Structure formats: structure tokens, C-alpha cells
Amino acid sequence: MSKSFIIILLALNFALLAQNNKQDVIKKGKTLPNKVETKELPTKTLPKKEKKENIRVEIEVDKGSSDDYQTITMGQYGLITFFETEEKENKQASYWQFDKYNTNLQKEWSKKEGVSRNLSYVKHYSQDNKLFILFSQKGTFSNIYRYEYEIISIDVKSGEIKSINQPLEINAAIEDFVVINNNAFVAGKIGTSKRFKRKMCCLTCLTLGTISFCKSMRYEKTDGFVITLNLSSGKSNLELINTGEKSDSKVASLSVDNKNGIVNALVHGKQKETGIQLFIRQYDPTGKLKNLIKLDTDDANELYTAEITNTAANEMIIVGTYGKRNLISTSMSENQMASNGLYLCKIVNNSQKFIKFYPFSDFKNFFGYLSTKTEQKIEEKIEKRKEKGKSVDVSYSLLTHEIILKNNNYYFVGECFYPEYHTEVYYTTDANGRSVRQTRRVFDGYRYTHAIITKFDLDGKMLWDASFPIWDILTFNLKERVAVLTDRSAITMVYSHGGYLKSKVVDGNNLKDGSENTPIELSKDDDKLKNSWGNDINFWYDKCFIAWGYQKIKNTKDENVKRKRNVFYLNKVYFD
């Protein structure tokens with residue numbers, strides 16, 4: 001075992017022994033709204049509260065309900081919840097119900113819209129009072145030949161809903177989706193082959209309704225793609241992106257610079273000979289390519305991920321993860337690869353001004369999520385190796401958040417995780433009828449360990465770092481779990497799990513202070529929480545968050561209340 005992994009294994013072993021980890025309960029079934037109750041909650045039990053109304057909405061659901069409700073915040077315009085109903089529009093489409101709540105969690109309208117039955121919710125994008133929701137094909141990248149996606153646009157004020165469905169007979173996997181000037185940009189990767197390449201070369205125009213090709217062809221590699229779709233006319237344009245003859249390419253993410261009318265597409269190219277390369281393709285709102293920027297690195301490191309923020313006209317800051325060259329697995333996505341640190345890069349007038357690398361081993365509080373004793377042991381071991389002139393590689397997989405620009409400083413938030421397994425014993429019978437003991441490794445999900453937050457100045461110098469433990473999350477759904485509030489002198493990080501809101505405040509001076517656990521307020525004083533699952537939280541507006549999820553509640557004292565009830569809840573929470 002290499003030296004670089006010993007530190008990580010030591011940290012994980014100590015922390016696992018010190019924590020009482022509990023897995024989210026995941027139940028299966030269809031959510032059906034039954035009864036909606038809105039309650040104003042007393043503010044005295046809510047964390048760091050303002051003297052404002054704290055409100056809870058409960059929607060009774062079936063006993064076996066799972067994560068069917070989706071919740072999207074729209075700032076001062078309120079929020080939208082939506083889910084797939086049991087009702088069918090026709091043989092090809094199911095009805096989805098969309099409910100709009102204002103900032104007092106009062107329902108203002110409820111609408112149903114038909115969506116093709118083979119599509120599921122993927123991503124959303126919001127602009128002022130407009131919400132755009134992307135639905136795409138169910139199934140895996142390898143078994144879809146005729147790809148289909150649908151975009152629903154919602155005017156949150158009026159409740160007007162429009163939809164547009166697009167078929168594409170290509171093997172596609174969508175990575176991201178944005179909207180600018182009523183043009184949707186849909187990006188990701190497609191399976192390609194030499195035969196597919198020849199057919200594509202025969203097309204004289206990429207304005208398309210459908211692209212067809214042989215279903216039996218073998219996909220030798222992947223190419224990135226960007227589709228530009230006008231949401232009014234329905235006209236679309238497909239661009240294929242190839243970063244090398246033997247390279248697997250994809251468009252990993254999209255971001256919008258509304259001030260300058262630019263869409264940034266992060267292109268990820270990977271091959272065994274040259275490793276990973278990152279490019280930024282900049283488009284105008286119609287999909288016309290304006291600039292192509294290659295992110296340069298050094299001979300020792302390669303860039304894995306990138307979060308792009310346009311700070312001024314013709315200027316952007318990029319923060320992401322990196323790792324040692326030639327140590328990557330070509331079969332893993334860039335988010336799942338164990339990185340060795342963060343980098344910060346500045347681009348001015350399409351030219352890279354600098355790139356700075358910050359290994360995790362140089363962070364002051366990276367292991368602050370562990371016990372003080374364990375943290376000291378790891379830091380002492382790192383220092384001893386440095387004194388001997390030996391390299392120290394601390395490796396973690398990281399989910400990266402968007403960069404936060406505040407008071408002429410950059411803040412980066414990432415969530416560390418690792419895949420968790422257990423060994424299962426089973427028995428088979430050999431040819432002679434004897435029982436043979438066998439073992440197999442079973443994937444339990446992704447275990448989150450901690451979130452990190454770092455502060456950089458305008459010259460890319462790291463000013464401080466802090467960590468926030470999130471050990472109790474084990475899930476198959478890898479996504480951002482920590483919500484961040486920056487509209488204050490300090491920064492608050494918070495996540496929801498097991499009926500509690502767990503938060504930490506960082507102000508640059510108190511980087512090691514512990515986190516707070518606050519129960520999610522129930523509707524009645526005599527309510528007892530028996531179970532909680534599918535919990536989540538997001539920043540809403542001002543100093544307000546919205547928490548949601550599913551709960552099983554028991555109440556044996558209050559009249560006119562069910563003794564046992566299962567609910568989907570929305571809790572409005574203020575942080576001061």
C-alpha cells in the first residue's frame with residue numbers, strides 16, 4: 001500500500017470508530033397528496049432565529065412513500081414542488097403536478113402537465129420568475145438508442161406552463177442544462193463509432209429534428225455535445241466536440257454569464273497517453289462559438305474539475321480539484337476520482353494569467369472533522385514526512401459547489417465522500433455436492449465525511465480553510481448536501497439529516513468551533529418523530545432556508561390528529 005493512502009486509511013479508521021453512523025432510510029412507492037396543513041411555528045425553538053414567522057407545511061403521503069417530491073426554491077418568488085401522479089394523460093404520457101408556494105408557504109396555484117412516461121426529472125434552471133425543468137430518458141448510457149428529452153418552462157407568477165419535446169436518435173447522456181434569452185443549452189456526451197462519424201460527416205446542416213443511425217453499432221469512444229434549442233420555435237442545433245482522436249470527451253458542465261451574454265461549456269477530455277485536459281468553450285446566446293480556452297497545468301498535476309465564475313468582462317476565476325498525473329482511473333468520472341488538492345486559475349482576455357495549487361496536506365483544518373486526538377496524530381505524521389523531504393499525498397473525492405464571490409474574495413465549498421462497501425458471505429455447491437464458502441463485496445453507497453470551505457483573495461492566495469463534519473450521510477444519490485448562507489459577516493453551512501438541522505458558522509477567526517444540532521420543528525408539541533428520510537435543505541432568500549423531506553410521526557395526546565401519520569414536510573427556517 002502506498003504511503004499516500006496510509007494517512008487516509010488512518011483518518012477513516014479512527015473516525016469510523018468514533019462516529020455512530022446511521023444510514024438514511026429509503027422506502028419505495030408512489031407519493032399521493034392527501035391532506036395539506038400549514039402551521040405557524042413558535043420561533044423559540046428554531047436555530048439562531050429572527051423574530052419572523054417560522055412556518056411548516058405537512059402533506060400526508062402513503063406509508064411507503066419515497067423521494068417522489070422535488071422542491072425548487074425561487075427566491076422571493078416562492079418555491080415549486082412537483083411529482084409524478086398516478087394519473088395518465090394518455091398511453092404515452094403521465095401527469096406531473098406542480099404546486100407553487102409563496103414565501104409564507106401558502107399555496108398560490110396548482111397545475112398538471114403531461115410528460116412522456118419514459119422520461120424522468122434530471123435538472124432545472126431558474127431565471128428571475130421563470131423556471132425551466134429538464135426531463136430525459138430513463139435507462140443507462142449504454143442501452144438507449146433513441147434518446148428523448150423534454151423541457152418544461154413555468155412562469156412562477158402566473159402559473160403558465162409550456163413544454164417542448166425533442167427526439168434524438170443518438171446514444172446520449174446529459175450532464176448539464178441552462179437557459180439564456182429563451183435558448184436552452186443541453187450538454188453531455190454521446191457514444192460514437194467510426195460508422196457514426198462517417199454518417200455525421202455527410203450532414204451539411206446540423207439544424208435537426210432527428211439524427212438516425214444503425215442501432216447495432218459498437219461505441220468505441222465518447223464525444224461531447226452541445227444542443228442549442230430555441231424554446232419558442234423548437235429549432236435545435238447539435239454540435240459534436242472531440243478533444244482528440246483517441247480521447248473520451250464530454251461537456252461536464254455549463255454556466256451562464258448573464259452580464260456579458262455568454263454560456264461557458266467546460267469540456268473534459270481523457271485518454272491514457274495524455275491524461276485529462278480541460279477546455280472552456282464560450283458561446284453567445286444563439287449557440288455560436290465565440291472563444292476556446294485551454295486550461296494549462298504543469299507536468300506533475302492534471303486538472304479534474306472546474307467551477308467557473310465570470311468576475312468581470314473578459315475575466316473569470318476557475319477553482320477545482322486536481323491530482324497527480326498518471327494516477328487516474330479512466331473508468332471513473334472526474335467527481336469520483338480521488339483528488340490531491342484544489343487549484344485556482346485566473347483567465348483575462350482569454351489568456352491564462354496564473355494557476356496555483358493547494359494540496360490538502362497543506363490545509364490548516366482539513367482534518368478538523370475528526371476528533372482532536374486523531375487530527376493531531378495525522379498532522380504530526382504529515383509534518384514528519386515533510387521534514388524528511390518525502391511527498392505527502394492526501395487523497396479525497398470531492399463534490400464541488402459554485403464559487404462564491406463576496407467582498408472581493410472567493411469562497412470555495414466542497415463535500416468529501418468515499419464509496420462504502422461491506423463483505424457478504426454466501427455458500428455455493430461444487431460438482432461433488434460440497435458446500436463452498438464464498439465472499440463478495442457489496443456496495444452500500446457513498447459515505448460523506450466532511451465539507452470544506454476555503455477563502456481566496458483576488459490574487460489566488462488561500463487565506464484560510466475550515467471543515468464541517470457530515471459523517472452521518474450514506475446514500476446512493478451523489479449530490480450536494482450542504483447549503484450555504486453568505487449574506488452576512490460570517491458564513492453558515494447547514495445540512496439536514498435524521499430530523500435535525502446541523503450547522504456551523506465560519507467567520508475566519510473561529511475556524512475550529514463545533515457544529516450545532518437543532519431538531520426540525522414539528523407541527524404540535526406532542527408530536528413524536530419516529531422516522532425521517534429523504535431529508536434535504538437549500539438556501540431560499542435573505543437569511544432563510546427551506547428544509548424538506550419525509551417523516552413518520554406519532555401523537556397519542558392531541559385530539560383531531562391521527563395517532564400515526566406519514567408526511568412530506570416543508571419547514572421555513574431563519575438563521576440570524
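Which residues touch the most other members of the largest nonpolar core? They are Y149, I151, F177, F185, L231, V251 and L254, in a core of 34 residues. The model is predicted: local features need pLDDT of at least 70, side-chain atom pairs count only at pLDDT 80 or more, and totals for chains, interfaces and linings use all residues. Residues are numbered from 1 along each chain as its sequence is written, and side-chain values use heavy atoms, without hydrogens and water.

A nonpolar core joins buried Ala, Val, Leu, Ile, Met, Phe, Trp, Tyr and Cys residues through side-chain atoms within 4.5 Å. Buried means under 20% relative accessible area, exposed over 50%, partly exposed in between (1.4 Å probe, protein chains only).

Return to Y149. Leaving out residues up to four places away in sequence, Y149 touches L119, L134, F135, S136, I164, N165, Q166, L168, I174, V186, I227 and L229. Contact means heavy atoms within 4.5 Å.

Now the cysteines. C416 is buried, because its relative accessible area is 0%. C544 also has 0% relative accessibility, so it counts as buried. The structure holds zero disulfides, a disulfide being a pair of cysteine sulfur atoms within 2.5 Å.

Last, F443. It sits in strand β28, residues 435–456; strands (E, at least two residues) are DSSP runs, numbered from the N terminus. F443 counts as partly exposed because its relative accessibility is 31%.

Key: Helix = DSSP H or I, 4+ residues; strand = E, 2+ residues; numbered from the N terminus.
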